[in-house]
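Welcome! Here is a friendly first tour, meant to be read with the sequence and the 3D view side by side.

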Amino acid sequence: MFYVSMFFQYLSQYLKTRLQYRADLFVEFFSDLLSQAINLVFILVVFGHTNMLHGWNRDEIIFIYGFFLVPYAVFSAFFNIWDFNERYIVKGELDRILTRPIHSLFQIILERLELESLFGALTGLAVMFYAGSRLGIEVHWYHPFLFIVFVIGGALVYGGVFIMLACISFWADARTSLMPMMYNISNYGRYPVNIYNNIIRFVLTWILPFAFVGVYPAAFFLGKEEWYWYSFFTPVIGIIFFVSSVLLWNQGVKKYRGAGN
Amino acid sequence: MNNAIEVQKLRKEFKAYSSRSGLNGAFRDLFTRNYKIATAVNDISFTVKKGEMVGYIGENGAGKSTTIKMLTGILTPTSGQITVNGMNPHKEREKFVQTIGVVFGQRSQLWWDIAVQESFRLLKKVYKVSDQQYDDHMNHVIRTLDIEPLLDKPVRKLSLGQRMRCELAAALIHNPPLLFLDEPTIGLDVLVKLKIREFLKEINEKYNTTILLTTHDLTDIEALCERVIMLDEGNVIYDGPLKNLKETLGEGKELQFQLLEKVDLAAVKHVTSGMPVKWEFDKKELIFTANIEDSDELISQVIAAVAAAFKIKDMKINETSTEEIIRNIYEKGAVEVG
């Protein structure tokens, strides 16, 4: 309960900061909209040239892509930890975090909220509706609920993997270039996994389970019954990865060496 | 329980790798690294009673900050035991930090972009302080530190002195019984320093707040702390009252005379013959300096003898300053106090 109220406290603080810089807010709003529009055009242009891919047709691929954008937007809004190493370890900001009576990871998530990323979810929804209507997907009453569960599951998978990566900084001093690489790998989850070779498919399912952010849950809405098992596994994988990342974090904090001053 | 802090055989080691020199060395480092274990804090033990104000001093790199970080639960000790406010700082971190206040002079605790009062409001929620408690306590703090006009300004627009006062107020929002200050007066002007000192004294008296403070400014320590713990290369080299340190190590007093007439050193020496005095003469400034033991009687005797024989233009009695004492200690690296 305390954590929920803290979330809203930080949220209102975040909004206040944003509202303080009016010009900045508008510029950001427009640039976000613009970049999402470009994204949308890009997707349609790129996929305009594909027809069938291992049993997936063009609209299905676009649908998966659209679905992927939603958990990704949620992830970017709440787990903005790309610069964790630089900001918190090298500069020693974690000192401050650790002297406050809230779980350290939760505090960092709260401090680094980036809600404007949620615009990406709108693009994602637009893409899904576009592709969905062309495919003639029927919307059932339980779809929105499952959608939310899958989105949360996918965002947790993403969050878990990137928190684990951030944890590396607790053990190794040097800044790692793993984050950008992982970002590239994560993009593979946007496309149907069975187009890849078996090893990559295994990795994307069980080791860096980015397939659970895009293809697997989206397959459910596309009515691909052979994938249903994987679809329903999304929240489970999300929780497993997220919980283990938090456990790893708790171990890592003990190894924190601080920055000299 | 009367002790705020109990530390036993506390040790912190850092594993650092030492790089070889040159490009050749860099290639070798790629494959095998030379690890060196550096001991930042070397089996130190001390206790601090509730309500004490303790100065924690030492040169740069002596291990002060490392100790403070272990005491506040930021770092995990390599070995040894810490009990602060009856808790183990690292194990029960979230519960523990509720009972302490921390100010790091070189790092801001406040949010950069938002107004000071917004930071306070958020911290108030973080520490679960009720409105009534907040009003009772913070109104007083805000008035004493004179930060009322700063409350609606964003932190990034404050000067260092203004920010420091706000930091101090922020650390006290939950009225902690124990306060850690790591170089709270670094870079501040005399007036702000005085204000902060007065304020610290006041809360110490009012709430019996225990204060542990590190600083390089010894006047801070002289003004605030009865007790000092001195650290050198990770070892406690002195732990006791500041007064003792001065009495035992303050190497006597210095009497300086400027005389009206031209007198040579031998004549002055002759006047005080028989007394244990060491004379020095500064030819440029024409100052005679007598180094003598710190005894009231001897001082008056020397002054009387000199005054009887010559006409005095100016005279000074100097005490060895704390700074000098401490410099001496660092140079010797050990203290022997009876």
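What follows is a short briefing, grouped by topic, on a predicted model. The predictor gives the complex an ipTM of 0.81, along with a pTM of 0.81.

**Confidence in chain B**

- The average pLDDT of chain B is 85, and 96% of its residues score at least 70.

**Chain B at a glance**

- Chain B contains 12 helices and 13 strands.
- Along the principal axes, a box of roughly 75 × 60 × 45 Å holds the C-alpha atoms of chain B.
- The radius of gyration of chain B is 26 Å, whereas a compact globule of 338 residues would have one near 20 Å.
- The domain assignment divides chain B into domain 1 (3-247) and domain 2 (252-319).
- Taken over C-alpha atoms, the centres of domain 1 of chain B and domain 2 of chain B are 45 Å apart.
- In chain B, 34% of the 338 residues count as buried.
- Take the contacts in chain B between residues at least 6 apart in sequence: 74% of them join residues at least 24 apart.

**Where the two chains meet**

- Chain A brings 19 residues to the contact, and chain B brings 24 residues.
- On the side of chain A that touches chain B, α1 (2-20) and α5 (94-98) of chain A each supply at least two residues.
- The largest share of that side of chain A is the five residues from α1(A).
- By type, the residues on the side of chain A that touches chain B are five nonpolar, eight polar and six charged.

**Nonpolar cores**

- Which residues have the most contacts inside the largest nonpolar core? They are A:Tyr158 and B:Val228, in a core of 132 residues.
- Helix α3 (residues 58-78) of chain A gives this core its largest share, 14 residues.
- Beyond its neighbours within four places in sequence, A:Tyr158 is in contact with A:Pro71, A:Tyr72, A:Phe75, A:Phe79, A:Ser186 and A:Val213.
- Another core, of eight residues, lies apart from the largest one. Among its members are B:Phe257, B:Val268, B:Phe288 and B:Val306.

- Is A:Phe241 buried or exposed? A:Phe241 is buried, because 22 other C-beta atoms lie within 10 Å and the cut-off for buried is 20 or more.
- A:Lys255 counts as exposed, because it has 12 C-beta neighbours inside 10 Å and a residue with 12 or fewer is classed that way.
- Leaving out neighbours within four places in sequence, A:Phe241 is in contact with A:Leu156, A:Val157, A:Gly160, A:Val161 and A:Pro209.
- From C-alpha to C-alpha, A:Phe241 and A:Glu114 are 22 Å apart in space, and 127 residues separate them in sequence.
- A:Lys255 and A:Pro180 are 75 residues apart along the chain, with 24 Å between their C-alpha atoms.

**An enclosed helix in chain B**

- Helix α2 (residues 64-71) of chain B is largely enclosed by the rest of the structure, because eight of its eight residues are buried.
- The buried residues in α2(B) are B:Lys64, B:Ser65, B:Thr66, B:Thr67, B:Ile68, B:Lys69, B:Met70 and B:Leu71.
- Just after α2(B) comes B:Gly73, with a positive phi of about 85°.

- Most residues other than glycine have a negative phi.
- B:Lys9, a residue other than glycine, has a positive phi near 50°. B:Lys9 belongs to strand β1 (residues 3-18) of chain B, and it counts as exposed, with 12 C-beta neighbours inside 10 Å.
- B:Asn175, also a residue other than glycine, has a positive phi near 45°. B:Asn175 lies in the loop between α6 (160-171) and β6 (178-182) of chain B. With 18 C-beta neighbours inside 10 Å, B:Asn175 counts as partly exposed.

Methods
Residues are numbered from 1 along each chain as its sequence is written. Chains are lettered from A and ligands numbered from 1 in the order in which they are written. This is a predicted model: local features need pLDDT of at least 70, side-chain atom pairs count only at pLDDT 80 or more; totals for chains, interfaces and linings use all residues. pLDDT is the predictor's confidence in each residue, from 0 to 100. Helices (H or I, at least four residues) and strands (E, at least two) are DSSP runs, numbered from the N terminus. The radius of gyration is taken over C-alpha atoms; the globule rule is 2.2 Å times the number of residues to the power 0.38. Two residues are in contact if their C-beta atoms, placed from the backbone, lie within 7 Å. Domain bounds come from an automatic or database domain assignment. Ala, Val, Leu, Ile, Met, Phe, Trp, Tyr, Cys and Pro count as nonpolar, Asp, Glu, Lys and Arg as charged, and the others, Gly among them, as polar. A nonpolar core is a set of buried Ala, Val, Leu, Ile, Met, Phe, Trp, Tyr and Cys residues joined through C-beta atoms within 7 Å.
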